[in-house]
Amino acid sequence: MPELPEVETVARGLQQLVAGRRIVSVSLGKTDFIDDPVALEQRLPGRTIERIERYGKFMLLRLSADAQPATPEPAAAALLVHLGMTGNLAPAPAAQPSEKHTHVRFLLDDGRELRYIDPRRFGRMAYLEKDTLSIELQRFGAEPLLVGKNEFAERILSRRAQIKALLLNQSVLRGIGNIYADESLWRAKIHPAKLGSSLTPAEAESLRKALQHILERAIVLRGSSISDFLDADGQPGEYQQHHRAYGREGEKCYRCKTLIRRIIVAGRSSYFCPYCQRAPKRKPVAKRKTKRKVGAKTSKG
DNA sequence: CGTTGAACCTGTTTGC
DNA sequence: TGCAAACAGGTTCAAC
């Protein structure tokens with residue numbers, strides 16, 4: 001469900017709704033998606049949620065110092081939350097009955113509960129302090145909204161993997177998922193199966209621009225709600241109305257009217273326009289020798 | 001390095 | 001109608 005724009009939307013909502021609130025107690029249901037459930041129960045009560053940040057597809061609930069820290073130095077701590085495919089985190093009145101698949105409830109000091117609901121439990125929750133937190137965050141690549149031309153080009157052009165796989169790889173860029181990968185490739189007119197190293201610098205820059213444009217627009221519209229995504233206020237997003245490729249198999253391309261196709265790339269459904277996004281040249285099927293055409297590459301500055 | 005498929009779960013949609 | 005298969009916004013891991 002949630003990619004960068006959806007997570008950003010939830011994080012902003014939570015910042016408005018629960019930042020500054022103190023956690024009174026923690027109630028757990030199923031815990032197989034929590035790194036260390038006991039740590040949540042023991043370390044969170046009494047702590048204040050100081051602010052909510054987004055890091056790729058993660059939310060970081062930054063916590064106040066522990067009144068009785070286990071270590072002498074109060075370590076900067078956070079609750080790391082990943083929504084997986086079907087996760088949601090939102091406040092509700094404590095007296096309100098919990099929805100099915102509510103696995104974590106944080107009782108707040110104002111009579112509400114911050115509830116984590118996740119039918120498939122593909123999400124993740126972890127209480128982390130300074131060192132473990134910074135190690136955890138180091139695995140991730142550049143922030144798509146901030147990455148500059150040069151860094152983006154370096155990260156893409158140096159790789160022989162398919163561009164779709166690179167966009168989905170969180171250690172290359174953090175926060176892109178299947179929807180926004182397809183949408184940005186459509187906008188930049190790049191076939192999802194092209195290798196990163198086969199893009200020209202101009203194509204890479206076009207892709208970066210497309211990505212940033214789409215993500216910013218999607219955030220304004222509070223993300224895409226395909227089936228059940230709701231923000232912290234319980235509102236659906238609207239960006240699904242603006243999808244140009246994702247989910248549009250058999251419908252007309254908005255640019256050229258060619259029918260959008262769906263293929264599997266990097267193990268994921270990939271929607272693209274076969275006319276606007278030309279397929280890469282197929283690899284020669286291991287012939288004797290590949291003869292190079294003389295004078296075939298005339299490049300201009 | 002890179003690809004593929006399976007696994008982790010539940011719910012919904014599609015097809016026969 | 002009924003049942004099974006396919007599919008879903010994500011990530012990780014083993015095998016090759």
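View 1. Contact here means heavy atoms within 4.5 Å, and buried means under 20% relative accessible area, with exposed over 50% and partly exposed in between (1.4 Å probe, protein chains only). Helices (H or I, at least four residues) and strands (E, at least two) are DSSP runs, numbered from the N terminus. The model is predicted: local features need pLDDT of at least 70, side-chain atom pairs count only at pLDDT 80 or more, and totals for chains, interfaces and linings use all residues. Residues are numbered from 1 along each chain as its sequence is written, chains are lettered from A and ligands numbered from 1 in the order in which they are written, and side-chain values use heavy atoms, with hydrogens and water left out.

View 2. Just after α6, Lys189 takes a positive phi of about 60°.

**View 3. The four-stranded sheet.** Strands β2, β3, β4 and β8 form an open sheet in the order β2-β3-β4-β8, with antiparallel pairing. β2 (49-55) and β8 (124-129) stand at the edges with a single partner strand each, so one side of each has no neighbour in the sheet. On average, neighbouring strands are turned by 20° against each other, direction ignored. Two strands pair if DSSP finds at least two bridges between them; β2 and β3 (residues 58-63) pair over six bridges. Tyr55 stands opposite Phe58 in β3.

**View 4. Helices across the sheet.** Helix α1 (residues 4-18) lies across β2 and β3, at about 170° to β2. Helix α3 (residues 130-138) lies across β2, β3, β4 (77-82) and β8, at about 130° to β8. Axes are lines fitted to C-alpha atoms, for helices over the stretch in contact, and angles run from 0 to 180 degrees between N-to-C directions.

**View 5. Phosphate contacts of DNA strand B.** The residues around DNA strand B include Lys30, Lys100, His101, Phe122, Arg159 and Arg160; a residue is near the strand if one of its heavy atoms lies within 4 Å of it. For a side-chain N or O atom of Arg159, the distance to a phosphate oxygen is 2.5 Å.

Definitions and conventions: Polar contact = N/O pair within 3.5 Å; in protein donor to acceptor, adjacent residues only side chain to side chain.
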